[in-house]
Every structure is written in structure tokens, then in C-alpha cells.
Amino acid sequence: MFILVNLKAYPCDPIEVATAARDVAEASGARIAVSPQAADIARVADTGVETWAQHVSPNAHGSHTGSTLAEAVADNGAEGTLINHSENRLKLADVDGSVRAAERADLETIVCANNPAQVGAAAALGPDAVAVEPPALIGGDVSVSTADPGIVEDAVAAAEAVDEDVDVFCGAGVSTGEDVAAAGDLGAAGVLLASGVAKADDPEAVLEDLVSGI
Ligand SMILES: O=C[C@H](O)COP(=O)(O)O
């Protein structure tokens, strides 16, 4: 199970979370990555933790003010990128463009989707993985794997029907090792989470609990 911690725009210390994630990953052997604000990618990557961007734009180099260039995040240490989060929705053509941009920059990709139908559409674009996240459960206290296990199973089936090579992650409300274990039992290859770590008083303790569920 891959644990990807999205820091969104939470007012946490990205270096504190990154060093905790690095240390827990090293001690446990688990794969843990941190996805900070774009401006923090280089210093988070400098900690040695696996670092992901929260978004890349569909465009390549050129006259694109305000874009987040895939090549730029890769040059600053990102190894992968989220695309099309529920809080940063893209048109299908732009999801496709961002996946292609990430490929050009050798970034691993996880496309976020709200439901199994979107998972199927996203899987058809050939990302490395798709993450199913019911918007109503994002930021809440109950994990998707507990509140709506069927959506995870249906997402796994939807992706598999389109492309067996596309992994499925789940996210929303994941904060404990039990949540991670339940997600794995439902067929998820990883979890995408945010508030459980970014808002924690002790991010390292939460990460240690999370890896206990792998
Ligand atoms: O990208 C992360 C997801 O939106 C999940 O957020 P959450 O763990 O705060 O529910």
C-alpha cells in the first residue's frame, strides 16, 4: 500500500510532515509520499521524502503565465503528481493534457475522481493510478473504506474493466491504520489522505499508525 499525504493549503509545517514521513517510511519500509504546495516542492524534496506535486498544467514550456509546468516540478524534485482533485477540477481534455505533460516529465500520475464512472473515464487516459474520493467524505472523520466500501470496490472494477494496469487508490477521511487495512482489503493499492496528517498535533504518530495497517 502506498500512502500519499496531500498537504493541500493547510497551515502545517511542510518540513515537519516531510521529515516525519521520511523517517516513518525508512523505519517501516512503507512507501510514503508528501504532496506540498508547489512553492514548497524543492525544500520538501530536499528532506529525502518522496515528493509529489498537487497539480500540473496541460501545457509545455511557452507563454503560459500562472501555469504549473510538469518539467518545473520534476526539476525541483517531484517524482509524481496528482491531477484533477475534487477541489481543483479540470475538464476531461485538460486531465488528458496534464497526464501527457506529466509523462513528458517522467512524473508518476494519480488522477482523482469522484465516483466509479469517473474512475473508468480517467483510467482510459492511461495514468499510473486513479484515486476515488467521494467529495462529501473529504475532510471528515469517517473513512471512505468504512462509510462507503462499495464505492471503492466499484472503482476497482471500473478501472480494471478499462485497463488492468491502472491502480486504484481511495481517499477521504482516512486517518488510521485500520482505515488503510480496510482500503487494502477492498482492493485499493494505496490511500490518499490530507487532514488526518496535516491537521494532526503529532503527524509522526499518525503516520506510524497508518503504516501499521499495511
Ligand atoms: O487529497 C486528499 C483527499 O482529498 C482526502 O482528504 P482528507 O484526508 O482530508 O479527507
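Trainee: How many residues surround the ligand, and which are the closest?
Mentor: In this predicted model, 14 residues surround the ligand, and the closest are Asn6, Gly171, Leu193, Ala194 and Ser195.

Trainee: Which elements give two or more residues to that shell?
Mentor: Strand S8, residues 190-193, and helix H9, residues 195-198.

Trainee: And how does the shell divide into nonpolar, polar and charged?
Mentor: The shell around the ligand has 6 nonpolar residues, 7 polar ones and 1 charged one.

Trainee: What are the confidence scores, pLDDT to begin with?
Mentor: The protein chain has an average pLDDT of 98, and 100% of its residues score at least 70. For the model, ipTM is 0.99 and pTM is 0.97.

Trainee: Switching to helices. What describes two packed helices?
Mentor: The angle between their axes, together with the distance between the axes.

Trainee: Then what are the angle and the axis distance for H5 and H7?
Mentor: Helix H5 (116-123) packs on helix H7 (149-162) at about 30°, and their axes are 8 Å apart. H5 is therefore roughly parallel to H7, as angles under 35 degrees count as such.

Trainee: Is the crossing of H5 and H7 left-handed or right-handed?
Mentor: H5 and H7 cross in a right-handed sense.

Trainee: Which residues meet there?
Mentor: From H5, Pro116, Val119, Gly120 and Ala123; from H7, Ile151, Asp154, Ala155, Ala158, Ala159, Ala161 and Val162. By class, this contact of H5 with H7 holds 9 nonpolar residues, 1 polar and 1 charged.

Trainee: Now H1 and H10. At what angle do their axes cross?
Mentor: Roughly 35°, with the axes of H1 (residues 14-28) and H10 (residues 203-211) coming within 9 Å. The crossing of H1 and H10 is right-handed.

Trainee: Which residues of H1 and H10 make the contact?
Mentor: H1 supplies Glu16, Val17, Ala20, Ala21, Asp23, Val24 and Ser28, while H10 supplies Pro203, Glu204, Leu207, Glu208 and Val211.

Terms used. Residues are numbered from 1 along each chain as its sequence is written. This is a predicted model: local features need pLDDT of at least 70, side-chain atom pairs count only at pLDDT 80 or more; totals for chains, interfaces and linings use all residues. Axes are lines fitted to C-alpha atoms, for helices over the stretch in contact, and angles run from 0 to 180 degrees between N-to-C directions. Helices (H or I, at least four residues) and strands (E, at least two) are DSSP runs, numbered from the N terminus. Angles under 35 degrees count as roughly parallel, over 145 as roughly antiparallel, 65 to 115 as roughly perpendicular and the rest as oblique. A crossing is left-handed if the near helix is turned anticlockwise from the far one by less than a right angle, and right-handed if clockwise. Two residues are in contact if their C-beta atoms, placed from the backbone, lie within 7 Å. Ala, Val, Leu, Ile, Met, Phe, Trp, Tyr, Cys and Pro count as nonpolar, Asp, Glu, Lys and Arg as charged, and the others, Gly among them, as polar. A residue is near a molecule or strand if its C-beta atom, placed from the backbone, lies within 6 Å of it. pLDDT is the predictor's confidence in each residue, from 0 to 100.
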